[in-house]
Amino acid sequence: QVQLVESGGGLVQAGGSLRLSCAASGRTFNRASVGWFRQAPGKEREFVAAIAAITWSASNTLYADSVKGRFTISRDNTKNTVYLQMNSLKPEDTAVYYCAADLSRTLPHSDYERYNYWGQGTQVTVSS
């Protein structure tokens, strides 16, 4: 029902910024909650941020403590795209970043097991 294509990853120096995009196809995208996860070499998959299907309230977003204040998740439903703006990047942010969609929920959450659709991932490398 939903296909996700990620872009925007790359190499950046510490303190720099990147904006990841997750372009989606499917009519149900606007009703899906979307999350960002990352996985670094030798580490477990980690929740980053999530956004609700309806974004008129500030409570419609969730962030991991490690990225709060630095990363911002947003969505443009007219473009079927979810963004992850990453500022003040640190070397420990280096990972493969994945976006995921949960068609059964409208509220953001961090449970990766409940996300049913995943993008292919995009590499983010932050040099020191």
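Guide: Two residues are said to be in contact when heavy atoms of theirs lie within 4.5 Å. Among the contacts in the protein with a separation of 6 or more, 61% join residues 24 or more positions apart. This is a predicted model, in which local features need pLDDT of at least 70 and side-chain atom pairs count only at pLDDT 80 or more, while totals for chains, interfaces and linings use all residues. Residues are numbered from 1 along each chain as its sequence is written, and side-chain values use heavy atoms, with hydrogens and water left out.

The secondary structure comes first. Helices (H or I, at least four residues) and strands (E, at least two) are DSSP runs, numbered from the N terminus. The protein has eleven strands and zero helices, so read along the sequence the pattern is β-β-β-β-β-β-β-β-β-β-β.

Next comes the overall form. The radius of gyration is taken over C-alpha atoms, and the globule rule is 2.2 Å times the number of residues to the power 0.38. For 128 residues, a compact globule would have a radius of gyration near 14 Å, and the 13 Å of the protein agrees with this. Along the principal axes, the C-alpha atoms fill a box of roughly 40 × 25 × 25 Å.

A residue counts as buried under 20% relative accessible area, as exposed over 50%, and as partly exposed in between (1.4 Å probe, protein chains only). By that scale, 42% of the 128 residues are buried. The protein exposes about 6700 Å², of which carbon and sulfur atoms supply 47%. Accessible areas come from the Shrake-Rupley method with a 1.4 Å probe, and for residues only the protein chains shown count as cover.

Now to the charges. Lys and Arg count as positive and Asp and Glu as negative, while His and the chain ends are not counted. Each charge is placed at NZ of Lys, CZ of Arg, CG of Asp or CD of Glu. The protein has 13 positive and 10 negative side chains, and the centres of the two sets lie 7 Å apart.

Side chains of opposite charge can pair when their charged atoms come close. The pairing looked for here is the salt bridge, a side-chain nitrogen of Lys or Arg within 4 Å of a carboxyl oxygen of Asp or Glu. A search of the whole structure finds six of them.

One joins E46 and R38, whose closest N and O atoms are 2.9 Å apart. R38 is buried, at 5% relative accessible area, whereas E46 is partly exposed, at 27%. Another salt bridge links K68 with D65, at 3.6 Å from N to O. D65 is exposed, with 68% relative accessibility. A further one pairs D111 with R114, at 3.8 Å from N to O.

Two loop residues complete the tour. N80 is not a glycine, yet has a positive phi of about 55 degrees. N80 sits in the loop between strand 7 (71-76) and strand 8 (81-86), and is partly exposed at 22%. S88, in the loop between strand 8 and strand 9 (95-102), has a positive phi near 50 degrees and is likewise a residue other than glycine. S88 is partly exposed, at 41%.
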